[in-house]
Amino acid sequence: MYSIELDEELIKKAMAVSGQKTQQDTVHAALRSFIKAQNRKKILIYQGKGIWEGDLNEMRTVR
């Protein structure tokens, strides 16, 4: 367990927009969101590398 000092106004705003009922749940949700965002950024290293092979037009018609 960690003890950290949080900006009260910031945590209140985060709780309001997230719908979380406790500060702990709010912080956990924020950490999960931060981790997801950082992981999504990692995929950008593959942009323009030509790793994917396939036919996008064919893929779109197979629905």
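Analyst: The side chains of E9 and K12 meet in a salt bridge, at 3.9 Å from N to O; the term stands for a side-chain nitrogen of Lys or Arg within 4 Å of a carboxyl oxygen of Asp or Glu. By this rule the count comes to 1 salt bridge. Side chains of opposite charge can pair when their charged atoms come close. Here E9 and K12 sit 3 residues apart in helix α1 (residues 8-18), so about one helical turn separates them. Helices are DSSP runs of H or I with at least four residues, strands are runs of E with at least two, and both are numbered from the N terminus.

As for solvent, E9 is partly exposed at 48% relative accessibility, and K12 is partly exposed too, with a relative accessible area of 48%. Buried means under 20% relative accessible area, exposed means over 50%, and partly exposed is in between (1.4 Å probe, protein chains only). Of the protein's 63 residues, 5% count as buried.

Zooming out, the protein has 3 helices and 0 strands, running α-α-α from the N terminus on. Its C-alpha atoms fill a box of roughly 50 × 25 × 20 Å along the principal axes.

Some housekeeping: this is a predicted model, where local features need pLDDT of at least 70 and side-chain atom pairs count only at pLDDT 80 or more, while totals for chains, interfaces and linings use all residues. Residues are numbered from 1 along each chain as its sequence is written, and side-chain values use heavy atoms, leaving out hydrogens and water.
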